[in-house]
Amino acid sequence: MTDVLSRWRAGLSKTGKAAFGRVASLLGASEITTETWDELESLLIQADVGMDTTAAVIESLQRLTRERGLIRSEELRSALRADLRSRLDSPPALDFSARPSVILLVGVNGSGKTTSAAKLGQRFLAEGKTILFGAADTFRAAAVDQLQVWGDRLKVPVVTGASESDPGAVAFNAVQSGLARSVDIVLVDTAGRLHTRSNLMEELRKVHRVVGKALPGAPHAVWLVLDSTTGQNALNQARSFRDAVAVTGIILAKLDSSARGGMAFAIKRELGLPILFAGLGEKPDDLTPFDPDAFVEGILNS
């Protein structure tokens, strides 16, 4: 557990020194005043917790303060930690009972989607599973090349198509290839932006449908990769993806690069989706299963 906490604390060091870190300074030896609540509210909003979640946290802490007769702001520290933890769920166990289990990775360009695909592939290989990549982001040659490089490095087959070819066709072929090879998991990297007049969400719906034709019941999971550094903008993107392709889980990428990190709470409250993995660094094993306890400890720099 100590190793897990150390990794999260290191990965969240920017967050711990920024808005959430200032929360620890605020909750010192002074008395609880109106200014305490105003400043705590401001810091939580700056930390990307979101307006609604921040209001709920403040209301909860104020109620606790009245009930327990708290006077010193330092008495709020453990209450804040407990309240924040209560707003996060542990990720559900991943179900790979279908063979192959088809996972669509969606998200805007630049979110870390292709890198996440590669890191997931390495993680699943280490767990003894067989993998196949589908490079369905055919409108971005760099994404296809990047996945091909990772495929070569990991000795994982990669199904590709011609530049700007139909992403649905690539996804279909990837699933069929996964069936033929009897792999455990097919990871399909999808487009995050189109250079045509097609609507991105409509294109993703098509990919979703086509994958189901290649293998009834597929995709078995749709994971949305969000860039932690983009804050509330990422939440707006998430709503669009969730409504278009029935997202089943979130990968919170670049958490180590974000000075805020409060998006995790807003995701839970506003989207109701589980956070499955978090990106805590550049190395492949830095994409780690989301740990709510370690996350809260890390952001509060405790």
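**Loops and a helix pair in a predicted model**

Pro 219 lies in the loop between α10 and β5 (221–227), where helices (H or I, at least four residues) and strands (E, at least two) are DSSP runs numbered from the N terminus. A cis peptide bond joins Ala 218 to this proline, with omega at about -5°. Another cis bond links Arg 99 and Pro 100, and its omega is about 0°. Pro 100 sits in the loop between α6 (76–86) and β1 (101–106).

The model is predicted, and its local features need pLDDT of at least 70. Residues are numbered from 1 along each chain as its sequence is written.

Lys 155 has a positive phi of about 60° although it is not a glycine, and its place is between α8 (141–154) and β3 (158–159). At 75% relative accessibility, Lys 155 counts as exposed (exposed means over 50%, buried under 20% and partly exposed in between, with a 1.4 Å probe and protein chains only). Ala 246, also not a glycine, has a positive phi of about 50°. Ala 246 belongs to the loop between α11 (232–245) and β6 (249–253) and is partly exposed, at 48%.

Now for the helix pair. Helix α9 (residues 167–181) and helix α10 (residues 200–214) pack at about 25°, with axes 8 Å apart; axes are lines fitted to C-alpha atoms over the stretch in contact, and angles run from 0 to 180 degrees between N-to-C directions. The two helices are therefore roughly parallel, a term for angles under 35 degrees.

Note on methods:
This is a predicted model: local features need pLDDT of at least 70, side-chain atom pairs count only at pLDDT 80 or more; totals for chains, interfaces and linings use all residues. Side-chain values use heavy atoms; hydrogens and water are left out. Angles under 35 degrees count as roughly parallel, over 145 as roughly antiparallel, 65 to 115 as roughly perpendicular and the rest as oblique.
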